[in-house]
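The stops below are given in the order in which to select them.

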Amino acid sequence: GKQPIREPNRRFGHRSYTLLHDETRQQPGVLVLLALDDMPAERGGQIVFMQHGEMLGRFTPMRNTLLLVVRKRGVRYFVQYVNHRAGERALRVISA
């Protein structure tokens, strides 16, 4: 079957985000992420999945939510900018 993808555990606070670069390669497989905190959409921090410049889906993290994604070749993801509305709150994401 598909191999689990190991990603680093991350914390996203105000002004945090990730970028996609053309050179960035994210391996196909099963992506398992656990959101430990709520991050309502108006605060940013959504996890966005893209393939060839087209958005496939968007996930708004909610506390204690497990996200399982079978990521095919060419599918990449990033975390949108966490804006000032997040205040001191942070989004913590654990990869399993």
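This is a predicted model: local features need pLDDT of at least 70, side-chain atom pairs count only at pLDDT 80 or more; totals for chains, interfaces and linings use all residues.

Residues are numbered from 1 along each chain as its sequence is written, and side-chain values use heavy atoms, with hydrogens and water left out.

Arg92 and Asp37 form a salt bridge, with 2.9 Å between the closest N and O atoms. The pair joins distant parts of the chain, 55 residues apart: Arg92 belongs to strand β8 (residues 91-95) and Asp37 to the loop between β3 and β4. Strands here are DSSP runs (E, at least two residues), numbered from the N terminus. A salt bridge requires a side-chain nitrogen of Lys or Arg within 4 Å of a carboxyl oxygen of Asp or Glu. Searching the whole structure gives one salt bridge. Side chains of opposite charge can pair when their charged atoms come close.

Stay on Asp37. Its loop runs between β3 (29-35) and β4 (47-51). Is Asp37 buried or exposed? Asp37 is buried, because its relative accessibility is 16%. A polar atom of the Asp37 side chain also lies 2.9 Å from the backbone nitrogen of Arg92. Now show the surroundings: beyond neighbours within four places in sequence, Asp37 has contacts (heavy atoms within 4.5 Å) with Pro61, Met62, Arg63, Ala90, Leu91 and Arg92.

Next, select Val93, also in strand β8. Val93 counts as buried because its relative accessibility is 8%. Leaving out residues up to four places away in sequence, Val93 touches Asn9, Arg10, Leu33 and Leu34. Draw a C-alpha to C-alpha distance from Val93 to Leu36: the two are 6.2 Å apart in space and 57 residues apart in sequence.

Two backbone stops remain. Select Arg15 in the loop between β2 (10-12) and β3. Arg15 is not a glycine, yet its phi is positive, at about 75°. At 59% relative accessibility, Arg15 is exposed.

Finish at Asn64, in the loop between β5 (54-59) and β6 (65-71). What is the phi of Asn64? The value is near 60°, positive in a residue other than glycine. Asn64 is exposed, with a relative accessible area of 56%.

Methods: Helices (H or I, at least four residues) and strands (E, at least two) are DSSP runs, numbered from the N terminus. Buried means under 20% relative accessible area, exposed over 50%, partly exposed in between (1.4 Å probe, protein chains only). A polar contact is a pair of N or O atoms within 3.5 Å; within protein, one must be able to donate a hydrogen and the other to accept it, and residues adjacent in sequence count only if both atoms are side-chain atoms.
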